[in-house]
Amino acid sequence: MEKNKYKQAVNKLENYRVSRMAIENIRNKIQKLLLCSGPAPLKGTSYDGGRSNTPAYHASMSNIADEMQQLYCRLAAKQEEVKLVEDALAIISLGRNCEHYADILIMRHIDGFSMEVIADRLGYSSRRSVYYQYDKAMKKFAIALGV
């Protein structure tokens, strides 16, 4: 496999974790904005049918709406990145003798486990066999991503 494609595949895996955390942060920001954008407390003023110079909404509502739109765009982009990686991980696990490919890549790049720990958790006899499976999984992952 070309070294450049290998690096791109590794970067996608490592950015996957960051993207998942970003999705949570964006959702939290959206929730906070939704709480801020609720109805204003009622006041005892009369409505003169358009004679007033005050706008029908608070000026900050426009800012909140703009920020919400930007957050939803960022959320959609991050969700697309995550879905791409998750789909590729699902694809590489299909087939004969491939059932641990996604697990190996997730444990290595997302969870940060060493090859020894991965070998123990998956029941491999040695690190060498995990490296062999890891290499095959990365090649298949890069192809599934289209890099």
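This is a predicted model: local features need pLDDT of at least 70, side-chain atom pairs count only at pLDDT 80 or more; totals for chains, interfaces and linings use all residues.
**Whole chain**

Start with a cartoon view. The protein has five helices and zero strands. Followed along the sequence, the pattern reads α-α-α-α-α. Now colour by accessibility: of the 147 residues in the protein, 27% are buried. Counting pairs at least 6 apart in sequence, 74% of the contacts join residues at least 24 apart.

**The core**

Select L13, L89, L105 and F141. These residues have the most contacts inside the largest nonpolar core, a set of 35 residues. Which helices supply it? At least two residues each come from α1 (3-36), α2 (59-92), α3, α4 (115-122) and α5. The most comes from α2, which gives nine residues. In soluble globular proteins, nonpolar side chains tend to be buried together.

Stay on L13 and show its surroundings. Neighbours within four places in sequence aside, L13 is in contact with V85, L89, L105, H109, I110, M138 and F141.

**Helix α3**

Next, select residues 101-110, which form helix α3. How many of its 10 residues are buried? Seven are, so α3 is mostly covered. The buried ones are Y101, A102, I104, L105, M107, H109 and I110. Step past the end of the helix to G112. This glycine follows α3 and has a positive phi, near 80°.

Two packed helices are described by the angle between their axes and the distance between the axes.

From α3, pick Y101, I104, L105, R108 and H109. They meet V130, Q133, Y134, K136, A137, M138, K140 and F141 in α5. By type, the residues of this contact divide into eight nonpolar, two polar and three charged.

Zoom in on Y101, in helix α3. Is Y101 buried or exposed? Its relative accessible area is 4%, and buried means under 20%, so Y101 is buried. Draw a C-alpha to C-alpha distance from Y101 to Q133: the two are 6.9 Å apart in space and 32 residues apart in sequence. Now list the contacts of Y101, leaving aside neighbours within four places in sequence. They are I92, Q133, K136, A137 and K140.

**α4 against α5**

Keep α5 and bring in α4. The axes of α4 and α5 come within 9 Å and cross at roughly 95°. An angle of 65 to 115 degrees counts as roughly perpendicular, and α4 and α5 are therefore roughly perpendicular to each other. Pick M115, E116, I118 and A119 in α4; they meet R127, V130, Y131 and Y134 in α5. The residues of this contact divide into six nonpolar, no polar and two charged. V130 and Y134 are worth a label, being listed in the contact with α3 and in the contact with α4.

**Last stop: cysteines**

Select C73 and C98. C73 is exposed, with a relative accessible area of 52%. C98 counts as buried, at 7% relative accessibility. How many disulfides does the whole structure hold? A search finds zero.

Conventions: Residues are numbered from 1 along each chain as its sequence is written. Side-chain values use heavy atoms; hydrogens and water are left out. Axes are lines fitted to C-alpha atoms, for helices over the stretch in contact, and angles run from 0 to 180 degrees between N-to-C directions. Helices (H or I, at least four residues) and strands (E, at least two) are DSSP runs, numbered from the N terminus. Contact means heavy atoms within 4.5 Å. Ala, Val, Leu, Ile, Met, Phe, Trp, Tyr, Cys and Pro count as nonpolar, Asp, Glu, Lys and Arg as charged, and the others, Gly among them, as polar. Buried means under 20% relative accessible area, exposed over 50%, partly exposed in between (1.4 Å probe, protein chains only). A disulfide is a pair of cysteine sulfur atoms within 2.5 Å. A nonpolar core is a set of buried Ala, Val, Leu, Ile, Met, Phe, Trp, Tyr and Cys residues joined through side-chain atoms within 4.5 Å. Angles under 35 degrees count as roughly parallel, over 145 as roughly antiparallel, 65 to 115 as roughly perpendicular and the rest as oblique.
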